[in-house]
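Open the model in your viewer and keep the sequence beside it. The tour goes from one selection to the next.

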Amino acid sequence: VQQGKVMGSIEIAGGTCGAVELISKSDFYYFTALDEEIRVILPQNEFVYAPVARGQSAGIAHISVGGKVVGHIDLIYGSTIECQRQEQMPWWRRRW
């Protein structure tokens, strides 16, 4: 896995955009045989709440080879997603 590689994406709740990319923070190398299966296991979160900042920690991805975890890499968010601005009603229109 190379630093800066897009590893996946995650939905953003309450943000100006629906999803954000998860990027590998560093390189990870592991020697394998040609027939061994390599899997990247991303965090199991269904979504995160806005705001998120580009470069902010997004969790850890585990690397498995042949069903055995052999390492992990830190993930970061690929872009900044702001909170969606909600129009606020004037106080005289609010219902108690």
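Select Ser-64. Leaving aside neighbours within four places in sequence, Ser-64 is in contact (heavy atoms within 4.5 Å) with Glu-37, Ile-38, Arg-39, Ile-41, Val-69 and Val-70. Ser-64 lies in strand β5. Is Ser-64 buried or exposed? Its relative accessibility is 4%, so Ser-64 counts as buried. Here, buried means under 20% relative accessible area, exposed means over 50%, and partly exposed lies in between, with a 1.4 Å probe and protein chains only.

A word on what you are viewing. This is a predicted model, where local features need pLDDT of at least 70 and side-chain atom pairs count only at pLDDT 80 or more, while totals for chains, interfaces and linings use all residues. Residues are numbered from 1 along each chain as its sequence is written, and side-chain values use heavy atoms, with hydrogens and water left out.

Now switch to a cartoon view. The protein has zero helices and six strands. Along the sequence the pattern reads β-β-β-β-β-β. Both element types are DSSP runs numbered from the N terminus: helices are H or I with at least four residues, strands are E with at least two.

Colour the strands one by one. In what order do the six strands of the open sheet lie? The order is β3-β5-β6-β2-β1-β4, with mixed pairing. Two strands pair if DSSP finds at least two bridges between them. Look at the edges: β3 (38-41) and β4 (47-49) each have a single partner strand, so one side of each is left without a neighbour in the sheet. From one strand to the next, the twist averages 40°. That angle is taken between N-to-C directions, on a scale from 0 to 180 degrees, with axes as lines fitted to C-alpha atoms.

Next, select residues 6-13 and 19-24. These are β1 and β2, which run antiparallel and are joined by five bridges. They form a hairpin with five residues between them. Click Gly-14 in the turn: its phi is positive, about 80°. Then find Gly-8, which stands opposite Leu-22 in β2. Stay on Leu-22: it also stands opposite Tyr-77 in β6. β2 and β6 pair in the antiparallel sense, over three bridges.

Centre on Ile-12. Not counting residues up to four places away in sequence, Ile-12 touches Cys-17, Gly-18, Ala-19, Val-20, Val-48, Ala-50, Val-52 and Ile-81. Step from Ala-50 to Pro-51. A cis peptide bond joins them, with omega about 5°. Pro-51 sits in the loop between β4 and β5.

Now the cysteines. Cys-17 is partly exposed, at 35% relative accessible area. Cys-83 is partly exposed too, at 40%.

Last, zoom out. Of the 96 residues, 24% count as buried.
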